[in-house]
Amino acid sequence: MTARVLSLPGDGIGPEVVASARRVLDAAAGKLGLELEWEEALIGGAAIDAEGTALSPETLSRARAADAVLLGAVGGPRWDDPSAPVRPEQGLLGLRKALGLYANLRHIAAHPALADASPLRPERVRGVDILFVRELTGGIYFGEPRVREPTRAVDTLVYTDVEVRRVARLAFTLARGRRRRVTSVDKANVLASSRLWRDVVVEVAREFPDVALEHQLVDSAAMRLVTHAASFDVIVTENMFGDILTDEAAVLPGSLGLCPSASIGDAKGGLYEPIHGSAPDIAGQDVANPIGTIGSAALLCRHSLGRDDVAALIEQAVSRALHAGARTRDLGGALGTAAMTEAVLEHL
Ligand code: IPM
Ligand code: MG
């Protein structure tokens, strides 16, 4: 069977890191007899420039038809005009929503070879292995009404029990394959939506008596990520808290550029992207770290193609390259995007 993968490079460093991940994925697939058929389309600012919209109906239907989507990043100062009717981010948010990708998995783990790369003291980073399960299609990102007036603006944070239940179930299920501890992060002391969140998570926890549940308020969870991150196993949280906490947590392993993500739902298919953004300041200079996107390609094989073997081969090559000392600029090294890609290919 040939797997159909849609590549959406997007903006900024997106095209560079996606090209790198494609090379690694093709090489790994070739070694293990996985046939891939690549398609490519525009998203974000690049799509706005060429097609007038951040996500065209054609691109969306190709994403629906694909077995998986590999995405780079969207956005940049070029499209930042606050009065513009279309924004690059609408492409990514629209795609997540339309494909029903309600869970974003962001695994943050300390890499033994990179103990020196984190700005935090080694003892704060040692043993860190956190799986974030970020709710991705609800909350304040999507709530209506959304209003902008000259002197007043409204965003709406809505959650339904169904939205909380499905993502909570996934978090508990994934915890079973790990250390069996779930931390549900909310702001239940202030927000009604968080009180619903907490009630539903408690209900779901009863289906998983073998998994321990704790609740933590988002402000103190943010602090604990810097002071005692190794004490977390699975963190499940709503859309915006997850957005913020995962950028914070990405500092632990050493660089935002290292971290992959998988966005999945109940249907087949999924969206795979690094957790970093489009980094317009370094776009087109061959300095971006491709590891987050290469890791996302591995997750694509694991979660959407059922090819754990290809995923493991890629992850092992990355790990070996890092052990051998391969470092991009964000990790204090001198390798460019292409050279880092070569280093990974060498260890495949
Ligand atoms: C992310 C990004 C996106 C988000 C932006 C680009 C809309 O920050 O994937 O974390 O906020 O979800
Ligand atoms: Mg983010």
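This is a predicted model: local features need pLDDT of at least 70, side-chain atom pairs count only at pLDDT 80 or more; totals for chains, interfaces and linings use all residues.
On a 1 Å grid over the protein atoms alone, a pocket is an open set of points with protein on both sides within 12 Å along at least five of seven lines, while a cavity is a set where a 1.4 Å probe fits but cannot get out. Lining residues have an atom within 4 Å of a point. Grid points are joined across faces, edges and corners, and a volume is the space filled by probe spheres set on the points.

**Largest pocket**
- Its lining runs to 32 residues, with Arg87, Glu89, Gln90, Leu93 and Tyr141 nearest the centre.
- At least two lining residues each come from β3 (68-73), α4 (88-98), β6 (143-149), β7 (152-156), α9 (239-249) and β12 (271-274).
- The lining splits into 14 nonpolar, 6 polar and 12 charged residues; Ala, Val, Leu, Ile, Met, Phe, Trp, Tyr, Cys and Pro count as nonpolar, Asp, Glu, Lys and Arg as charged, and the others, Gly among them, as polar.
- Domain 1 (1-106 + 255-348) and domain 2 (129-251) each put in at least three lining residues, with bounds taken from an automatic or database domain assignment.

**Second largest pocket**
- This one has a volume of about 780 Å³.
- Of its 29 lining residues, His107, Ala109, Pro260, Leu299 and Glu315 lie nearest the centre.
- Two or more lining residues come from each of β4 (103-109), β11 (260-264), α10 (291-303) and α11 (308-323), and α10 has the largest share, 7 residues.
- By class, the lining has 20 nonpolar, 5 polar and 4 charged residues.
- The second largest pocket lies between domain 1 and domain 2, because both give residues to its lining.

**Cavity**
- The count comes to 1 cavity of 30 Å³ or more, and the largest cavity has about 40 Å³ of space.
- Around it sit Leu157, Tyr159, Asp186, Ser193, Ser194, Trp197 and Glu238.
- Helix α7 (residues 192-205) gives the most to this lining, 3 residues.
- The cavity lining has 3 nonpolar, 2 polar and 2 charged residues.

**Ground rules**
- Residues are numbered from 1 along each chain as its sequence is written, and chains are lettered from A and ligands numbered from 1 in the order in which they are written.
- Local features need pLDDT of at least 70, side-chain atom pairs count only at pLDDT 80 or more, and totals for chains, interfaces and linings use all residues; side-chain values use heavy atoms, with hydrogens and water left out.

Definitions and conventions:
Helices (H or I, at least four residues) and strands (E, at least two) are DSSP runs, numbered from the N terminus.
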